Amino acid sequence: MFDKLDDLLIRFEEVLNELGEPDVTSNPDRFQKLMKEQSDLQPIVDTYKEYKKNKETIQDSLSMLEEEKDEDMREMLKEELSDAKKRVEELEHELKILLLPKDPNDNKNVIVEIRAGAGGDEAALFAAEIYRMYVKYAESRRWKTEMMSLNENGIGGFKEVTFMINGAGAYSRLKYESGVHRVQRVPETESGGRIQTSAATVAVMPEAEETELSIDPKDLQIDTFRSSGAGGQHVNKTESAIRITHLPTGTVVECQDERSQYKNKDRAMKILRSKLYEAEQARQNAEIAATRRSQVGTGDRSGKIRTYNFPQNRVTDHRLTGDSKNFNLAAVINGDLDALIDALTLADQTRRLQEGYEKGE
């Protein structure tokens, strides 16, 4: 590990030197690439420098203890030694986490798709609440949200909703949200006061750029139709809604939220591109790790990941263990997701470190 860290330290100095060269500053693409590399290396370099500083403190304290006779000074040196040893252990753990392979999608925007599952109207109402939860979380991080497609049920619920979240690190924070979200409560639609279990499915997909995924226009069947649902006089008068079918995979995307056929087509292509990109990534990951399934997954939409228990004001994430798996429902449903996401991130990092130990890395 430390050989790698020394190499990164050398590379960091090289990047800083290159950034000061005139031919680099006059080349925007090269300059941006180096700035990104510097930004990625900075946390590792800072942590490693602090680690080395504390290691030096340990050596100095040990040397001075051998010579020092004054008891008060010896006590101070022992305390300094103890603090440095403790900090070295903490920093070594931090460095192991910082050196874990980065997900190349972590800094991307995301497209989120929420579908009502079992539970009829109550499931649709829950899907709408989940949507609002993510919108509030995005607002708390100053990310922008953009509605892409919406299918309502007429009483305030969402049969299906697709929207984009634009913000640095959006995928890194939301990638653990894919899966089945289950709710237990007495529905507004239930007159007998009985607790009902309903579900909604969430899919979080990194936004795929055109350069990352090439789609042959010959593989697309594009249909136009008249919008349905809310929309005033415009509804059913012009064929602005778009349906795109990717023939090789059978993937179908519809978008009718905009009055402009061009805008609907552009949004539908964004959704399709991200769906195909995610599917290809899932296929590759399955091939690489067929025998090593992660408990903290980022792509399995079929697995139940979380239960929102309203009578007990508790949210339970089933991928976590012990006391760390339960969270305050009122806070979570109002978009306070950081504690939950931090716990999932830590669990994933711990698992990956353990896998590294088992492989002798």
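Before I go on, the ground rules. This is a predicted model, so local features need pLDDT of at least 70 and side-chain atom pairs count only at pLDDT 80 or more, while totals for chains, interfaces and linings use all residues. Residues are numbered from 1 along each chain as its sequence is written, and side-chain values use heavy atoms, with hydrogens and water left out.

Back to β9. What does it pair with in the parallel sense? That's strand β4 (residues 179-185), over five bridges. Two of the pairs to look at: histidine 181 stands opposite arginine 306 in β9, and glutamine 184 has asparagine 309 in β9 as its bridge partner. Buried here is under 20% relative accessible area, exposed is over 50%, and partly exposed is in between, with a 1.4 Å probe and protein chains only.

Zooming out, these strands sit in an open sheet of eight, in the order β2-β3-β1-β5-β4-β9-β10-β11, with mixed pairing. At the edges are β2 and β11 (326-328), each pairing on one side only. Neighbouring strands of this sheet are turned by 20 degrees against each other on average, direction ignored. For those angles, axes are lines fitted to C-alpha atoms, for helices over the stretch in contact, and angles run from 0 to 180 degrees between N-to-C directions.

Now the other end of that sheet. Eight bridges join strand β2 (residues 144-152) to β3, and the two run antiparallel. Methionine 147 stands opposite phenylalanine 163 in β3. Their hairpin has five residues between the strands, and glycine 154 takes a positive phi near 100 degrees in it. β3 also pairs with β1, antiparallel again, over six bridges; in that pairing, isoleucine 114 has valine 161 as its bridge partner in β3.

Leaving aside neighbours within four places in sequence, its contacts include Ala127, Ile130, Tyr131, Tyr134, Phe163 and Val202. A contact is heavy atoms within 4.5 Å. The largest nonpolar core has 39 residues, and those with the most contacts inside it are Ile114, Tyr134, Ile165, Leu174 and Tyr308. By nonpolar core I mean a set of buried Ala, Val, Leu, Ile, Met, Phe, Trp, Tyr and Cys residues joined through side-chain atoms within 4.5 Å. Which element gives the largest share? α5, with 10 residues. Among the others that each supply at least two are β1 (110-116), β3 (158-166), β5 (196-206) and α9 (338-358).

There's a second sheet too, an open one of three strands in the order β6-β7-β8, with antiparallel pairing. The edge strands are β6 (220-225) and β8 (251-255), each pairing on one side only. Here neighbouring strands are turned by 15 degrees on average, direction ignored. Five bridges join strand β7 (residues 241-246) to β8, and isoleucine 244 has valine 253 in β8 as its bridge partner.

For the whole protein, we've got nine helices and 11 strands. Buried residues make up 41% of the 361 residues.

Last thing, confidence. pLDDT is the predictor's confidence in each residue, from 0 to 100. The mean is 84, and 87% of residues reach 70 or more. Confidence is lowest in helix α7 (residues 261-288), at a mean of 78, and highest in helix α8 (residues 329-333), at 96. Over residues 230-236 the pLDDT is below 50, and that stretch has 10 contacts beyond near neighbours in sequence. Residues 290-301 are below 50 as well, with 28 such contacts. Where pLDDT is low, the predicted coordinates should not be read in detail.

Terms used:
Helices (H or I, at least four residues) and strands (E, at least two) are DSSP runs, numbered from the N terminus. Two strands pair if DSSP finds at least two bridges between them.
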